Amino acid sequence: MQFDSMAPRWKWKGAEAKALAEPISNSVLELQLSLAKTESSGTLSSCNVLLAVEPEQAELLDRCCFGRLVLSAEKVKKWIQLSFEEAFFLFHTLKCIKISLQGRCLENEVDTWMYMKSKRPNFPMFYKAYSHLRSKNWVLRSGLQYGVDFVAYRHHPSLVHSEYSVLVQSGDSDRLRVWSDIHCAVRLSGSVAKTLLTLYVNGNFKGEGLNLPACLEDFTVEEQTVSRWSPELSREDETTNSKPIVTSVSNLKNP
């Protein structure tokens with residue numbers, strides 16, 4: 001079955017032209033060069049990372065949708081709160097920030113990985129899913145208010161509404177195991193004009209190999225969208241089916 005993505009819902013006239021003129025990939029590259037040049041450093045704090053940056057770098061982080069600004073009276077530096085996924089993407093994939101713990105710089109990726117995994121045992125699965133979409137230049141934000149893991153935007157949230165509500169699960173996950181769960185997730189996504197996207201992260205989530213970030217190379221991600229069947233689309237059929245339609249997607253189109 002062919003997957004047809006809904007058209008982007010731009011928030012204001014001229015937003016699409018602005019997005020085309022300022023691709024997310026260009027902004028991320030500019031951010032990467034800027035942070036690497038100043039050797040920006042973030043501090044691990046509970047389940048997030050606090051990153052101290054210059055004001056212009058804070059604007060770049062906002063343009064690329066990494067983290068959230070923490071209000072502070074300090075004018076020389078700006079503080080950005082990053083999720084574990086955002087921080088490790090900047091640290092491991094883009095290699096443009098450093099991360100410290102209790103004043104000690106964690107130059108070894110394994111130490112950072114182990115700390116994040118100790119705080120969130122499912123971090124490897126969620127980071128694989130996050131980096132999978134982020135590397136395709138999708139913008140990801142927390143989906144907590146929509147009852148999902150992430151929401152995915154084609155560009156900056158100030159320009160366009162999010163298109164996908166994203167659920168992350170592995171092969172042994174209990175999520176979406178029964179039809180009632182699927183119906184609830186699909187209805188909730190539909191009520192806020194989003195398509196439900198499930199990311200199945202396949203791999204071995206047990207054993208000592210999970211203690212190394214190299215395990216990410218052994219994981220694969222399967223994309224599926226789930227949409228509710230509409231009677232109006234086939235009202236002349238003799239049979240009806242109220243079950244949601246599950247559509248496999250080999251690759252989401254890059255924004």
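This is a predicted model: local features need pLDDT of at least 70, side-chain atom pairs count only at pLDDT 80 or more; totals for chains, interfaces and linings use all residues.

**Entry: L61 and the core**

Setting aside residues up to four places away in sequence, I found L61 touching L31, L35, L51, V53, F66, I80 and L90. I then asked which members of the largest nonpolar core touch the most other members. The core has 64 residues, and L44, L61, F66, L90, M116 and V166 are the ones with the most such contacts. Helix α6, residues 123-134, gives this core its largest share, seven residues. I also noted that at least three core residues come from domain 1 (22-120), and at least three from domain 2 (121-229).

**Entry: aromatic rings**

Next I counted the aromatic pairs and got 14. I picked out F88 and F91, whose ring centres are 6.0 Å apart; their planes meet at 55°, so I logged the pair as tilted. Buried or exposed, I wondered, for F88 and F91? Both are buried.

**Entry: arginines over rings**

I looked for charges over ring faces and wrote down two. R134 lies over the face of F66, 4.0 Å from the ring centre. R120 lies over the face of F126, with 5.7 Å to the ring centre. F66 was already in my notes as one of the core residues that touch the most other members, and as a contact of L61.

**Entry: K136**

Where is K136, I asked? I found K136 in the loop between α6 and β7 (139-142). Its relative accessible area is 12%, under the 20% limit, so K136 counts as buried. Which side chain does the side chain of K136 meet in a polar contact? The partner is the side chain of E223, at 2.9 Å.

**Entry: S40**

S40 is in the loop between α2 (24-38) and β1 (41-45). I read 5% relative accessibility for S40, so this serine is buried as well. Beyond its neighbours within four places in sequence, S40 is in contact with L35, L51, A52, V53, Q57, C96, I97 and K98.

**Entry: V139**

V139 belongs to strand β7, and at 0% relative accessible area V139 is buried. Not counting residues up to four places away in sequence, V139 touches I24, C65, R134, V151, A152, Y153, H155 and P157. R134 is the arginine I had noted over F66. I also checked V139 against F150: they are eleven residues apart in sequence, and their C-alpha atoms are 9.7 Å apart.

**Entry: V192**

I finished with V192, found in the loop between α7 (179-191) and β10 (195-202). At 28% relative accessibility, V192 is partly exposed. Leaving out residues up to four places away in sequence, V192 touches R9 and Y146. Along the chain V192 and Y146 are 46 residues apart, with 8.3 Å between their C-alpha atoms.

Terms used:
Residues are numbered from 1 along each chain as its sequence is written. Side-chain values use heavy atoms; hydrogens and water are left out. A nonpolar core is a set of buried Ala, Val, Leu, Ile, Met, Phe, Trp, Tyr and Cys residues joined through side-chain atoms within 4.5 Å. Buried means under 20% relative accessible area, exposed over 50%, partly exposed in between (1.4 Å probe, protein chains only). Helices (H or I, at least four residues) and strands (E, at least two) are DSSP runs, numbered from the N terminus. Domain bounds come from an automatic or database domain assignment. Contact means heavy atoms within 4.5 Å. Rings of Phe, Tyr and Trp (its six-membered ring) pair if their centres lie within 6.5 Å; planes under 30 degrees apart count as stacked, over 60 as edge-to-face and the rest as tilted. A charge sits over a ring if NZ of Lys or CZ of Arg is within 6 Å of the ring centre and within 35 degrees of the ring normal. A polar contact is a pair of N or O atoms within 3.5 Å; within protein, one must be able to donate a hydrogen and the other to accept it, and residues adjacent in sequence count only if both atoms are side-chain atoms.
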